[in-house]
Amino acid sequence: MSSNGDTLDSKIPAGPVADKWTNFKDKAKLINPANKRKFSVIVVGSGLAGGSAAATLSELGYQVKCFCYQDSPRRAHSIAAQGGINGAKNYQNDGDSVHRLFYDTIKGGDFRSREANVHRLAECSVNIIDQCVAQGVPFAREYGGLLANRSFGGAQVSRTFYARGQTGQQLLIGCYQALEKEIDSGGVEMFTRTEMLDLVLVNDHAKGIIVRDLKTGEISRHAADAVILATGGYGNVFYLSTNAMGCNVMASFRACKRGAYMANPCYTQIHPTCIPVSGDYQSKLTLMSESLRNDGRIWVPKTKEDAAAIREGKKTAVDIAEDDRDYYLERKYPSFGNLAPRDISSRSAKEACDEGRGVSTTGLGVFLDFSDAIERLGEDTIRARYGNLFQMYEKISGENPYQVPMKIYPAVHYTMGGLWVDYNLMSNLKGLHVLGEANFSDHGANRLGASALMQGLADGYFVIPATLPVYLAEETPGTITTDMPEFDAAEKDVTDRIEKLMNIKGSRSVDSFHRELGLLVWDKCGMERTEEGLKEALEKIPAIRKAFWEDVRIPGTADGLNMELEKAGRVADFIDFAEVMCHDALDREESCGGHFRAEHQFDDGEAKRHDDEFTYVSAWEHAGAGEKPILHKEMLEFESVELSVRSYK
Amino acid sequence: MNFTLKVWRQPNPSAEGKIEVYEAKDIPSEASFLEMLDIVNTDIIDSGSDPIHFDHDCREGICGMCSLTINGVPHGKENAVTTCQLHMRKFRDGDTIFIEPFRAMAFPIVKDLVVDRSSFDRIIASGGYISVRTGSAVDANAIPIAKPDADDAFDAAACIGCGACVAACKNASAMLFVGAKAAHLNHLPQGQPEKDSRTLAMVRTMDAEGFGNCTNQYECEAVCPKTISADVIAKLNRDYAVAAVKEAVS
Ligand SMILES: Cc1cc2nc3c(=O)[nH]c(=O)nc-3n(C[C@H](O)[C@H](O)[C@H](O)COP(=O)(O)OP(=O)(O)OC[C@H]3O[C@@H](n4cnc5c(N)ncnc54)[C@H](O)[C@@H]3O)c2cc1C
Ligand code: FES
């Protein structure tokens with residue numbers, strides 16, 4: 001058992017890591033088909049994780065209610081994933097295997113993830129590809145009609161399946177169609193434009209939610225035998241990120257306030273290939289798929305003078321001679337070069353720019369150059385591989401990347417942290433299950449490319465259908481009704497909060513608070529963290545909270561569509577959540593993956609882990625706004641991999 | 001840059017709407033269309049009024065959430081982009097810009113520029129899928145698909161379900177949307193078993209939802225941000241004819 005005994009029992013099955021999932025399935029409790037119909041399940045979220053779970057649970061016979069805030073389940077943020085999804089099929093015969101995918105993911109996560117979960121993920125990866133193809137997902141194919149693959153950041157084998165630059169869209173449409181089919185058959189009741197505002201506990205078990213119909217403002221209660229959250233990541237705590245505008249932490253944080261532990265919130269991923277920020281009117285950042293790094297070469301001028309000349313428009317990339325360019329990833333990481341993992345690539349870009357060698361007007365940008373690839377492969381090949389990405393870049397930046405190198409800079413992209421779950425994907429709150437990006441479970445301190453889609457679908461299609469019965473088998477179906485006093489109390493909390501927000505009638509817009517918070521956490525808890533900076537952030541956040549609750553202005557009323565009210569609820573939770581994130585970053589006195597503490601590095605600037613002290617998951621219990629949350633630990637035990645310094649040299 | 005905006009405002013579904021005028025001042029040319037509206041909304045909020053409501057989420061042209069009919073054209077005049085990908089540098093300083101919702105009987109207005117497109121979901125629910133129980137799939141490479149067929153299916157699958165095709169059509173027909181789904185699924189080997197039932201169900205649901213008939217104007221193709229070709233409509237008509245005959249005979 002990999003838990004420290006006090007409260008966190010991760011419920012890892014017995015046996016060697018490669019056999020655990022099989023052992024689990026062999027012995028797992030089942031619920032007989034006639035009984036399944038009596039159990040109801042709430043699924044919040046219709047992305048890859050929630051959509052696949054809702055569809056599959058309905059197929060199995062459960063009564064499912066599914067919720068999303070968009071106007072259609074097809075628009076969940078999973079739709080935006082570009083690059084691809086991993087699957088250990090070894091169709092390319094290049095030495096891939098379930099074990100290798102498992103190992104790469106553990107190593108990529110900087111040895112801060114739970115072995116048993118990651119192995120299960122690698123095992124499920126194979127079935128996901130089969131399932132999606134059967135649904136009609138149009139993955140890229142070779143001329144012989146078989147599936148194509150490519151390699152992706154941090155891997156030396158080609159195991160990534162892709163659908164042009166729209167992998168997330170195509171996977172989500174497959175999943176959405178399966179979900180719609182179940183909606184039509186009556187197995188799933190779908191609630192769109194509906195936001196979960198609180199979790200309801202009955203006898204300490206998660207048994208319901210309180211939601212607001214975003215169109216009418218109506219508040220309603222929903223009861224079920226179990227609750228599943230698949231509400232995505234919290235990257236928008238930084239205000240600017242590659243996430244969709246509506247992505248938020250509300251559902252997770254509401255659960256946290258009801259007692260669920262938030263695990264490793266400081267593990268956030270900054271993606272190396274995004275279009276640089278250009279001005280403060282900007283509402284979001286755009287990711288360029290890192291598949292671009294397969295053929296693009298990243299560089300900055302060797303000297304500050306050349307970089308300044310480029311920024312001022314006196315020179316362009318072609319004016320810099322080959323010898324005066326620093327292809328810094330190729331130089332520092334000869335064996336992975338431009339394909340080094342995301343955290344490493346991002347930090348290297350920051351380093352180069354901090355040295356004054358940035359090339360975009362703000363100084364925060366590096367070149368991603370395709371001229372060699374175009375010369376070697378021809379423009380047509382590059383167009384076939386990346387056409388839509390080049391087009392997107394041109395639309396946003398107004399520059400033609402076939403002729404001039406792209407400029408890129410890291411941006412917030414993914415959050416490895418999330419609600420703590422055990423092997424069954426159940427949180428410490430009984431009955432509450434958490435899937436996809438919203439949980440913390442599989443990516444440790446850094447996620448490898450093409451593995452979030454894999455995790456979302458593994459969780460929804462294959463894991464939760466097998467693990468949910470562990471909980472349900474102990475429950476009597478249908479005993480929960482929305483007229484219980486717990487629902488009265490939770491609904492009152494929700495309506496009180498809305499009333500409080502509406503009555504502030506202050507002078508500042510919600511966005512102004514969000515931007516202020518985002519700049520602060522980006523600065524102090526972004527790519528590089530220090531004790532001093534984190535302490536400063538922890539001093540400043542309470543002031544932002546205070547100002548928010550005194551001075552935010554929400555026009556209109558609460559009884560109809562009111563997008564400012566929606567944003568206000570989300571920003572209020574981001575403010576409280578940011579505190580937990582900074583506490584976690586401060587507590588973790590080491591550098592690992594996406595968490596880089598400047599005090600903990602090797603002489604060459606590489607991240608320095610402290611395995612003897614920090615080989616654990618930090619799971620934080622909410623102790624009230626402004627109070628330091630309480631730390632619970634899940635010790636990580638590695639049985640089949642040896643902890644090593646993660647080297648990509 | 002400065003613009004005059006003439007915007008459709010309607011507080012709720014049953015209220016009467018009207019055009020209101022706003023001045024958009026000092027807009028950076030790099031701003032996107034929605035960022036321009038954000039700036040205008042900040043001013044509206046500062047003045048204590050209700051901001052202009054519009055749908056959006058990903059802001060990178062893929063989720064299909066943003067809409068807006070801009071100067072009479074869904075997603076604006078530029079080719080192959082969604083509203084969120086439109087940049088102000090494509091407009092002239094001083095322009096007057098008309099902004100209206102996607103209009104169609106099957107897309108009732110919720111508020112201002114926000115419409116209800118759930119009729120699209122109901123069309124998909126009626127048959128726009130391949131039934132495959134989770135876990136029952138064969139190995140992914142067991143079904144080779146010739147690259148041209150896979151590419152054709154892909155071109156149709158690129159639809160983001162935004163509804164611009166319906167808003168552009170004078171009959172408010174959803175044939176491009178339904179045709180795209182049929183062309184995606186009906187021509188893949190996996191999609192064969194349900195081809196006829198899928199086609200019939202989707203077309204009938206489309207009619208029942210109040211979408212109009214297609215009279216081959218092809219405005220839909222012209223505004224589609226994903227450049228889905230009107231060929232999918234011809235294919236749908238063929239698939240429908242075959243399925244209807246088979247149904248009549250059996
Ligand atoms: C630009 C971009 C590109 C990416 N590319 C890749 C890639 O190539 N490969 C890869 O593996 N990963 C990629 N990722 C990561 C990956 O897309 C996500 O991690 C993953 O899709 C998350 O899926 P999910 O189902 O957990 O959450 P989401 O898809 O974010 O879904 C969240 C759902 O929860 C709902 N929701 C949230 N809060 C509430 C609430 N309070 N009430 C009701 N509903 C709520 C939303 O409506 C939505 O339906 C990318 C991410 C981004 C931002
Ligand atoms: S906001 Fe997603 S397509 Fe425009």
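## Helix 8 of chain A

Strand 12 (297-301) and strand 14 (366-369) of chain A are what the buried residues of helix 8 of chain A pack against, contact here meaning heavy atoms within 4.5 Å. Those buried residues of helix 8 (residues 304-311) are A:D306, A:A307, A:A308, A:A309 and A:I310, where buried means under 20% relative accessible area, exposed over 50%, and partly exposed in between (1.4 Å probe, protein chains only). Helices (H or I, at least four residues) and strands (E, at least two) are DSSP runs numbered from the N terminus. Just after helix 8 of chain A, A:G313 takes a positive phi of about 80 degrees.

## Basis of the model

This is a predicted model, in which local features need pLDDT of at least 70 and side-chain atom pairs count only at pLDDT 80 or more, while totals for chains, interfaces and linings use all residues. Residues are numbered from 1 along each chain as its sequence is written, chains are lettered from A and ligands numbered from 1 in the order in which they are written, and side-chain values use heavy atoms, with hydrogens and water left out.

Chain B has eight helices and seven strands, and its C-alpha trace spans about 65 × 40 × 35 Å along its principal axes. Of its 250 residues, 58% count as buried.

The largest nonpolar core holds 261 residues, of which B:L5 and B:F33 touch the most other members; such a core is a set of buried Ala, Val, Leu, Ile, Met, Phe, Trp, Tyr and Cys residues joined through side-chain atoms within 4.5 Å. Helix 17 (residues 563-587) of chain A gives the largest share of this core, 13 residues. Leaving aside residues up to four places away in sequence, the contacts of B:F33 include B:L68, B:I70, B:F91 and B:I99.

## Interface of chains A and B

The contact takes 76 residues from chain B and 70 residues from chain A. About 6,000 Å² is buried between the two chains, with carbon and sulfur atoms giving 53% of that area; buried area is the accessible area (1.4 Å probe) that two parts lose on being put together, summed over both. In chain B, B:E60, B:T134 and B:F154 lose the most area to chain A, together 12% of what that side buries.

Six salt bridges are counted between chain B and chain A, a salt bridge being a side-chain nitrogen of Lys or Arg within 4 Å of a carboxyl oxygen of Asp or Glu. A:K284 forms a salt bridge with B:E60, the closest N and O atoms being 2.8 Å apart.

In helix 3 of chain B, the buried residues are B:K147, B:A150, B:A153, B:F154, B:A156 and B:A157. These pack against helix 6 (167-185) of chain A together with helix 5 and helix 8 (231-249) of chain B.

## Salt bridges around A:D576

Over all chains, the whole structure contains 75 salt bridges. A:D576 forms one with A:K257, the closest N and O atoms being 3.4 Å apart; A:D576 lies in helix 17 of chain A and A:K257 in helix 7 (residues 250-257) of chain A, so the pair ties together parts that are 319 residues apart in sequence. A:D576 is buried, with a relative accessible area of 8%, whereas A:K257 is partly exposed at 35%.

The side chains of A:R545 and A:D576 also meet in a salt bridge (2.7 Å, N to O). This pair links distant parts of the chain, with A:R545 in helix 16 (residues 531-551) and A:D576 in helix 17 of chain A, 31 residues apart. A:R545 counts as buried at 12% relative accessibility.
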